[in-house]
Amino acid sequence: MASQQHIEKMQLRQNFRNFWHADLFTTIQSDTPYCCFALWCAPCVSYMLRKRALYDDMSRYTCCAGYMPCSGRCGESKCPELCLATEVLCCFGNSVASTRFLLQDEFNIQTTQCDNCIIGFMFCLQQLACIFSIIALIVGNSELREASQLLSCLADFVYCTVCACMQTQHKIEMDKRDGKFGPEPVMGVPGAQQMSRFEQAVPPFVGYAPQPAYGQAYGYSHA
């Protein structure tokens, strides 16, 4: 049942009508300093972006943004700051993905095929590195062990790089939401965070309204 619900959620996101203002390939060019910051201080960035995604209202915080089985069962209402800090440190990958889903569902943002390929390549490389490490451990061959270590290093490098780009992508989207560049959108704070955001067949627009310029290249100056 849970797996079917996750599949339905992913399929629903494919029908969203908006796009990220910067794809994963262009985030480094769009905001190089922040991308470097996200690379070297990844958990701190994840903490700040989740809090910003909640409009700095931590009373709306739910573990993993309500997308995981543990959500709502970790005492978040008593100490949301501590719970968020624990999430970004112990479940960093989930924290980044949860913030991503939160923004996608709020602004009806679909993920491009290019972004899907990059994220899929990251996961496949990690799995391949894990398989090679297990084989090297069983066989005991020194050359195979060195090859598995190199592959693991490559997988870690790709993982850290892609996560940094994803977090920069989230920051750019919230810059647009908060009027940091371009015309400031007319918007209001969405309702309290729910365990599920997929009650409707087509999610309503919450936040800035759809406009022809949505999804244009990121920048701080517009004609």
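1. Cys63 is buried, at a relative accessible area of 9%, where buried means under 20% relative accessible area, exposed over 50%, and partly exposed in between (1.4 Å probe, protein chains only). The position of Cys63 is in the loop between α4 (42-53) and α5 (80-90); helices (H or I, at least four residues) are DSSP runs numbered from the N terminus. Leaving aside residues up to four places away in sequence, Cys63 touches Cys70, Ser71, Cys74, Glu76 and Glu87, contact being heavy atoms within 4.5 Å. Between the C-alpha atoms of Cys63 and Cys83, which are 20 residues apart along the chain, the separation is 7.1 Å.

2. A note on the basis of these values. This is a predicted model, in which local features need pLDDT of at least 70 and side-chain atom pairs count only at pLDDT 80 or more, while totals for chains, interfaces and linings use all residues. Residues are numbered from 1 along each chain as its sequence is written, and side-chain values use heavy atoms, with hydrogens and water left out.

3. How many aromatic pairs does a search of the whole structure find? The search finds 2. Rings of Phe, Tyr and Trp (its six-membered ring) pair if their centres lie within 6.5 Å; planes under 30 degrees apart count as stacked, over 60 as edge-to-face and the rest as tilted.

4. Tyr34 and Phe37 form an edge-to-face pair, because their ring centres are 5.8 Å apart and their planes stand at 85 degrees. Both residues belong to helix α3 (residues 32-40), 3 residues apart, about one turn of the helix. Tyr34 is buried at 14% relative accessible area, whereas Phe37 is partly exposed at 33%.

5. Phe92 and Tyr159 also make an edge-to-face aromatic pair, with 6.5 Å centre to centre and 80 degrees between the planes. Phe92 is in helix α6 (residues 92-107) and Tyr159 in helix α8 (residues 142-177), so this pair ties together parts 67 residues apart in sequence. Phe92 is buried, at 15%; Tyr159 is partly exposed, at 21%.

6. The charged end of Lys171 sits over the ring of Tyr34, 5.1 Å from its centre. A charge sits over a ring if NZ of Lys or CZ of Arg is within 6 Å of the ring centre and within 35 degrees of the ring normal. Arg177 lies over the face of Tyr55, 4.0 Å from the ring centre.

7. The buried residues of α7 include Asp115, Ile118 and Met122, and their cover includes α6 and α8. After α7 comes Gly140, with a positive phi near 80 degrees.

Technical notes: Helices (H or I, at least four residues) and strands (E, at least two) are DSSP runs, numbered from the N terminus.
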